[in-house]
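Please work through the following exercises with the sequence and the model open beside you, and try each task before reading its solution.

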Amino acid sequence: MKKFLTSAAIVAALASVASAAPYVMPSPQPGALTPYDMQPMWGLDAVYTIAGDSDMPDTYGARLSFNLYSSGEDTVRHQFSLNATPQYGSDSDMGLKTELFMLPLTAGYDLNLEITDDVLFYAGGKAGYALTHAVEKFDGEKCTDNDGGFTFSVGAGLKYQASDAIMLKAGYEFGRSYIGSGDSKYIYTGHTILVGAAVQF
């Protein structure tokens with residue numbers, strides 16, 4: 001009987017110690033990213049820009065971007081980007097042919113607002129410097145100009161989380177580029193429609 005009571009007391013003591021011991025979740029390995037860290041993403045968008053001035057050509061091209069994106073399950077998510085957007089366009093009017101190549105190099109920010117688990121509304125802006133190469137041809141003569149200037153754009157659209165690593169997007173941007181200086185200065189105003197995808201690595 002004494003041996004039974006001693007064994008029962010030992011079992012009860014061990015059980016109380018076990019129940020009091022806290023359970024600790026394993027922590028992420030040092031250096032490992034969590035969904036709430038800024039995740040690196042590469043993006044590629046197809047862009048088409050309608051010129052605001054009828055004397056300027058519409059342009060089309062692609063935007064390559066490197067993004068840092070907060071992918072945690074938050075209602076508000078932040079995204080920072082570096083972008084290169086080569087675009088080309090040409091136009092003919094009364095025998096004058098204008099060809100325009102633009103390369104805006106910009107830094108940007110998007111504010112992403114969750115609509116559903118997989119759909120986000122975004123709004124943001126970009127600013128930087130646009131390199132340009134313009135060629136005008138008339139009556140067998142050609143005039144070439146290489147220039148550049150400050151550029152900015154603001155826009156909004158929708159994003160769709162197709163998988164844990166793939167984000168699809170469609171949107172609209174309004175932008176202006178202030179090219180050149182002095183008598184050769186001009187402003188290129190554009191209304192851009194874009195569709196694209198970004199991949200998280």
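Contact here means heavy atoms within 4.5 Å. The model is predicted, so local features need pLDDT of at least 70 and side-chain atom pairs count only at pLDDT 80 or more, whereas totals for chains, interfaces and linings use all residues. Residues are numbered from 1 along each chain as its sequence is written, and side-chain values use heavy atoms, with hydrogens and water left out.

**Exercise 1.** Determine where Glu173 is placed, and which residues it is in contact with, leaving aside neighbours within four places in sequence.

*Solution.* Begin with the placement: Glu173 belongs to strand S8, residues 166-179, a strand being a DSSP run (E) of at least two residues, numbered from the N terminus. Next, take the accessibility: Glu173 counts as buried because its relative accessibility is 5%, where buried means under 20% relative accessible area, exposed over 50% and partly exposed in between, with a 1.4 Å probe and protein chains only. Then list the contacts beyond four places in sequence, which are Arg63, Lys126, Ser153, Val154, Gly155, Gly190, His191, Thr192 and Leu194. Finally, look for polar contacts (a pair of N or O atoms within 3.5 Å; within protein, one must be able to donate a hydrogen and the other to accept it, and residues adjacent in sequence count only if both atoms are side-chain atoms). The Glu173 side chain makes one of 3.3 Å with the side chain of Lys126 and one of 3.5 Å with that of Ser153.

**Exercise 2.** Identify the geometry of the ring pair Tyr60 and Tyr88, and state whether Tyr60 is buried, partly exposed or exposed.

*Solution.* Start from the criterion: rings of Phe, Tyr and Trp (its six-membered ring) pair if their centres lie within 6.5 Å, and planes under 30 degrees apart count as stacked, over 60 as edge-to-face and the rest as tilted. Five aromatic pairs are found in the whole structure. The Tyr60 and Tyr88 centres lie 6.4 Å apart with planes at 90°, so this pair is edge-to-face. It links distant parts of the chain, since Tyr60 is in strand S2 (residues 59-70) and Tyr88 is in strand S4 (residues 87-93), 28 residues apart. Tyr60, at 48% relative accessibility, counts as partly exposed, and Tyr88, with a relative accessible area of 33%, is also partly exposed.

**Exercise 3.** Find which residues form one aromatic cluster.

*Solution.* The cluster is formed by Phe150, Phe152 and Tyr178.

Technical notes:
Helix = DSSP H or I, 4+ residues; strand = E, 2+ residues; numbered from the N terminus.
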